[in-house]
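Trainee: I'd like to learn how to read a new structure. Could you walk me through this one?

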Amino acid sequence: MSRSSQLTKTLAAALVESRPVVQAVSLLRFFTAVVLAGTAIGGIRELLPVLTSATAVFLSAFAVYLANGVADVVEDRANGSRRPIASGRLDERHAALLAAAAGGLAVPFALSVGPPAVVAVTAYLAAGIAYSFGPLPLKNRVSTFMSAVAVLGVSTYALGVAAVGALPLEVVVLALSMSGWMACGGLSKDLSDVVGDRVAGRRTWPVVFGMRVARRATAGATVLVAIGFGVAAALVAPLLVPAALAAAAGATVLVAELLLPQEGARPARRPYQVFMWTQYAVHLVVLATCLLVL
């Protein structure tokens, strides 16, 4: 195999390892913040900062989630993951180098937009690396997991705000609500990863309290987020009411997946899939609402 073919293969495997579904929703958060901020000021005045910031978002997310694949190789293999690093299709050293390069490139892109973008990218990268690495990785405990994930969410919205130069209340409500959704709904991933998490020494709710308590706690947390989003939207950000209703619908489905008995076998990752698709739905509803009011 030629060197160029090998590089192409490595890059493709790295992209898969960085989870395209996650990359896409990260960019969706960013562009939703851009559109909301642009709507508030009557339109997006400069396109270049938006494109530059979007590149910084992609590079940062690529770096963080690829690095996470390197850090999680032991538990991923214990969980039977077929992602490239765990399955041996992507060398860990190559993945680590690509993650470092992407993270390093994200900073100058942010720098070209301005100090707020640099702060947002730095916070994103710092939270992402601390999540996976160090003497006490933030992923190992529920409280620090939730904090790190919330920072990743808020930082992405902040990059959208930095690209437009406006911070309307609607972006604040969406950023806090959906970052809370990420922190709480993201706990549903732990329900299918108990074997690997126990091997890695992670103190997730299913490992510490058992599956029944973990499902109930995750359901309760996501319901609280959905209620908070709905109340905030109704009181101070009516443009977001349709999106809040989408979040409530997603929370209802997620609670059903977590708590209601169902006949036959069901995929262990279905609650996490509901959590992810709810994110997509909420942001797409926001974009559609903005289009209608323009």
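Mentor: We'll take some helix pairs, then a loop residue, then a pocket and a cavity.

Mentor: Ground rules first. This is a predicted model, in which local features need pLDDT of at least 70 and side-chain atom pairs count only at pLDDT 80 or more, while totals for chains, interfaces and linings use all residues. Residues are numbered from 1 along each chain as its sequence is written, and side-chain values use heavy atoms, with hydrogens and water left out.

Trainee: At what angle do the axes of α8 and α9 cross?

Mentor: Helices here are DSSP runs (H or I, at least four residues), numbered from the N terminus. Axes are lines fitted to C-alpha atoms, for helices over the stretch in contact, with angles from 0 to 180 degrees between N-to-C directions. For α8 (residues 142-164) and α9 (residues 169-185), the axes cross at roughly 150° and come within 8 Å. Angles under 35 degrees count as roughly parallel, over 145 as roughly antiparallel, 65 to 115 as roughly perpendicular and the rest as oblique. So α8 and α9 are roughly antiparallel to each other.

Trainee: Is the crossing of α8 and α9 left-handed or right-handed?

Mentor: A crossing is left-handed if the near helix is turned anticlockwise from the far one by less than a right angle, and right-handed if clockwise. The crossing of α8 with α9 is right-handed.

Trainee: Which residues of α8 and α9 meet?

Mentor: Contact means heavy atoms within 4.5 Å. On the α8 side, they include Phe-145, Val-149, Gly-153 and Tyr-157; on the α9 side, Val-171, Leu-174, Met-178 and Met-182 are among them. By class, this contact of α8 with α9 has 14 nonpolar, two polar and no charged residues. In that count, Ala, Val, Leu, Ile, Met, Phe, Trp, Tyr, Cys and Pro are nonpolar, Asp, Glu, Lys and Arg are charged, and the others, Gly among them, are polar.

Trainee: How do α9 and α12 lie?

Mentor: Their axes cross at roughly 175° and come within 9 Å, so α9 and α12 are roughly antiparallel as well. Trp-181 is one of the α9 residues in this contact, and Phe-229 is one of those from α12. The contact of α9 with α12 counts twelve nonpolar, five polar and no charged residues.

Trainee: And α3 with α6?

Mentor: α3 and α6 (residues 92-113) pack at about 155°, with axes 8 Å apart. That makes α3 roughly antiparallel to α6. Their crossing is left-handed, and the contact of α3 with α6 has 18 nonpolar, six polar and one charged residues.

Trainee: Where is Leu-239?

Mentor: Leu-239 sits in the loop between α12 (211-236) and α13 (241-259). Glu-170 is 69 residues away along the chain, yet the two C-alpha atoms are separated by 7.4 Å. Leaving aside neighbours within four places in sequence, Leu-239 touches Leu-36, Glu-170, Thr-289, Cys-290 and Val-293.

Trainee: What lines the largest pocket?

Mentor: On a 1 Å grid over the protein atoms alone, a cavity is a set of points where a 1.4 Å probe fits but cannot get out, and a pocket is an open set with protein on both sides within 12 Å along at least five of seven lines; lining residues have an atom within 4 Å of a point. The largest pocket has 36 lining residues, with Arg-19, Val-22, Lys-189, Arg-269 and Tyr-272 nearest its centre. α14 gives the most to this lining, six residues. By class, the lining of the largest pocket has 16 nonpolar, ten polar and ten charged residues.

Trainee: Which residues line the largest cavity?

Mentor: Asp-72, Glu-75, Asp-76, Asn-79, Lys-189, Asp-193, Asp-197 and Arg-202. This lining of the largest cavity divides into no nonpolar, one polar and seven charged residues.

Note on methods. Helix = DSSP H or I, 4+ residues; strand = E, 2+ residues; numbered from the N terminus.
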